[in-house]
Amino acid sequence: MNLTIILLIVLVVFVGWVISVYNFFVSSKARIKASIQEIGNQLKRQADLIPNLESSVKGYLTHEKGILEMLAEARKLISKGQDASKQISDALSGLKIVVESNPELKANTVVENLMGELRDTSDKVMYSRRLMIDLTADYNVKRVSVPSNIVANMFKFDELKGLETAESGEHLVVSPSEMRSPKVNL
Amino acid sequence: MQNIYEVQQSNKIKSGVITTLFFLFSVIAIYFISQAFGYYNGYEVGGFGYVGVALIVSGISTFVSYYYSDKIVLKISGARVANTKEHKLFASVAENLCIGAGLPKPKLYVIEDSAPNAFATGRDPDHAVICATTGLLDKLTRTELEGVIAHELTHVKNYDIRLMSIVSVMVGLIALLGDWFFRARLFGGGRSRSRDDNQLGAIIMVIGIIFAILSPIIATLIQLAISRRREFMADAGSVQITRQPQGLITALEKISADHEPLEAANKATAHLYIANPFKDKSDGAVGWFASLFNTHPPMVERISILQKMS
């Protein structure tokens, strides 16, 4: 009598454990699927955003660049002792338009914002990939480690690939040119 | 060199051991105090006597503070909702890290204070709040801010606020029981005196008194040890999300180099912050003793563990 009760308890606990591990695998799979969609979502955001940002910043920069060039031209003439009043007035009229539409020349902040936005966007894509990699790693570790591998084998949960990366190739070899520290040329 | 998974595994085990120890200790302390109580009053406490009442009192008070923790803490600290335009970096860093950690985006708050610090609260990831001081947002670079916010997100992910609430229910329960026990002894009736010749009763009484004196302190000490362990776990979790220990290291260095105390913090909210907001330091034997009462592990130790990971 007592033995059957004990056996029954053990059985119930075992079945409960199998269910929880099974649910882990199934829900992991669903989460991984969702995380892959998130990568797509972020890539789409990037593809929509960056070209638009680029063109609007470009517009800004050409406007300011033109004015600065005119001013430089005028300065050159002055240093040569020539009359630069025409150049200056041309530059000033251009400047006026810019100042009227924007209180100050802000190429600096515009570029800064663009750089921030660029990093932010690539971070978002990177982190969405990170989530997918982490989730698949958890899933794969659980799949092969004792005792959850019993359940994985019982229900034939396959290994997931995660971010597909070649297991061998150039990215695992350091070439001589990569050993030198990089120089930044501006 | 320990990799991040080993660090996390060992943290998990240590934290589990301390927490189990805490609950075992609580059960033993409660058992002895209630036994002594029962003996003192001259009758057996029927299953749910003083312990039950103490559990209800401590439970309700903590449950309220747990359920409304975010609102209470934010109110005490004088935090306001972060403006996405004004605190653009804060918002975008938090959003990106949530993508990486697979968490819903928490509510973001800021405290107007130049002392750099941050904390997380809220009962579960869906009600999580992350709060940073304006000093933190001004003084840290993006990478450093990522480290700090990932630390806070790990607290959210690990349900640390829930764990610490359960622990403080137990601490409150023990403290209440001990307190009532002494009150009963000082002011209560003397029914027990007729049974003073019972030797077993006297022994239980002595053990009960010892537990009533010591267990509130011991329980608090274990509670603080759990709190410190959770900080280590959050540091490791932060590295797991960002994979850049250097960011958190320099952030912690900057935070600890700043000696200005955070005015918005008080004793009740100190354990929530990423670094002890009071910045008091002491060395030697006094330092060791004082370190038992710290809510946070020493900064030097945290940084050296992080450096091993990079």
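What follows is a short chat about the sheet, a helix pair and the chain contact.

Mentor: Bear in mind that this is a predicted model, where local features need pLDDT of at least 70, side-chain atom pairs count only at pLDDT 80 or more, and totals for chains, interfaces and linings use all residues. Residues are numbered from 1 along each chain as its sequence is written, while chains are lettered from A and ligands numbered from 1 in the order in which they are written.

Trainee: What makes strand E1 and strand E3 of chain B edge strands?

Mentor: The open sheet has the order E1-E2-E4-E3 in chain B, with mixed pairing. E1 (80–81) and E3 (118–121) of chain B each pair on one side only. Strands are DSSP runs (E, at least two residues; helices are H or I, at least four), numbered from the N terminus.

Trainee: How do you know that E2 of chain B pairs with E4 of chain B?

Mentor: Pairing takes at least two bridges found by DSSP. Five bridges join E2 (residues 107–111) to E4 (residues 129–133) of chain B, and these strands run parallel. One of the partners: B:Ile111 bridges to B:Thr133 in E4(B).

Trainee: Why are H8(B) and H9(B) called oblique?

Mentor: Their axes, lines fitted to C-alpha atoms over the stretch in contact, with angles from 0 to 180 degrees between N-to-C directions, cross at roughly 135° and come within 8 Å. Under 35 degrees is roughly parallel, over 145 roughly antiparallel, 65 to 115 roughly perpendicular and the rest oblique, so H8(B) and H9(B) are oblique.

Trainee: Which chain gives six residues to the contact between chains A and B?

Mentor: Chain B gives six residues and chain A eight, a contact being C-beta atoms, placed from the backbone, within 7 Å.

Conventions: Contact = placed C-beta atoms within 7 Å.
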